[in-house]
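Trainee: I would like to learn how to read a protein model. Please take me through one.

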Amino acid sequence: MSLYRDEAIVLRTHKLGEADRIVTLLSRTHGKVRAVAKGVRRTSSRFGSRLEPFMHVDLQLSTGRSLDIVTQVETIGAYGRAVSEDYALYTAGTVMLETADRLVEAEHEPSLQQYWLLVGAVRSLATREHAPGLVLDSFLLRALAIAGWAPSFTDCARCGRTGPHHSFAVAQGGAVCSTCRQPGAASPAPETFGLLASLLAGDWSVADASAERHRREGNGLVAAYCQFHLERQLRSLPMVERV
């Protein structure tokens, strides 16, 4: 069996047999990897707690026929407990993990930008640098931009007419002018457009100073935009909306 080493963040896990677990990872070099962690559910396991969702790890794996096998694990960022102990952090983080899992579909295909984006977002949640809803919306906008679905919040997404504009159409790619506007388009406040633009650009001074009503309005637009382009419902997203 050939061995390889990589850094990764744990996306999800599920049980296998009596003591093993299948771990889905987003790694720096090898993209998404599914691997078996043998004996990890036993109390005597050396690295059981290191292979939980949100954990950032350095690990060694051996190549298997269908699933790789985890042979060594070292912790880089112990974010699992910090995120899981707070409901708002946990639900926001769960949406991030699910979104990354959906966007990086093929296994063993490098996705370095998505990897670093997810690591940074989970770290930000664990250290409580910003409000969890803002971190989540920023992550979703940036992840979609990396995947090729960057929204426009200033110029018209359809004809390119210079903005700012007053309507937002999910199916058309973001802000739209009065000519391109179709029935059903939303009409967010100018401050909401500014907030979303700052989240996409990573301008946290603007995002942190935003009003709660604009955050709520922006959250709805981001959720709709994300699920439209993923073409499926995010199972974990309704839990965030109840916070």
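Trainee: Which residues in α4 meet which residues in α7?

Mentor: Two packed helices are described by the angle between their axes and the distance between the axes. Before the case itself, note that this is a predicted model, in which local features need pLDDT of at least 70, side-chain atom pairs count only at pLDDT 80 or more, and totals for chains, interfaces and linings use all residues. Residues are numbered from 1 along each chain as its sequence is written, and side-chain values use heavy atoms, with hydrogens and water left out. Here Leu134, Asp137, Leu140, Leu141 and Leu144 in α4 meet Arg215, Gly218, Asn219, Val222, Tyr225, Cys226 and His229 in α7; contact means heavy atoms within 4.5 Å. By class, this contact has seven nonpolar, three polar and two charged residues (nonpolar: Ala, Val, Leu, Ile, Met, Phe, Trp, Tyr, Cys and Pro; charged: Asp, Glu, Lys and Arg; polar: the others, Gly among them).

Trainee: At what angle do the axes of α4 and α7 cross?

Mentor: The axes of α4 and α7 (residues 212-230) cross at roughly 35° and come within 10 Å. Axes are lines fitted to C-alpha atoms, for helices over the stretch in contact, and angles run from 0 to 180 degrees between N-to-C directions. Helices are DSSP runs of H or I with at least four residues, strands are runs of E with at least two, and both are numbered from the N terminus.

Trainee: How many helices and strands does the protein have?

Mentor: The protein has eight helices and seven strands.

Trainee: How do I read strand pairing, and in which sense do β2 and β3 pair?

Mentor: Two strands pair if DSSP finds at least two bridges between them. Strand β2 (residues 20-27) pairs with β3 in the antiparallel sense, over seven bridges. β2 and β3 form a hairpin, with three residues between them. β3 is also joined to strand β5 (residues 68-77) by two bridges, and these two run parallel. There, Val36 stands opposite Ile69 in β5.

Trainee: Why is strand β3 described as largely enclosed by the rest of the structure?

Mentor: Buried means under 20% relative accessible area, exposed over 50%, partly exposed in between (1.4 Å probe, protein chains only). Six of the seven residues of β3 (residues 31-37) are buried, so the strand is largely enclosed by the rest of the structure. Of the 243 residues of the protein, 49% count as buried.
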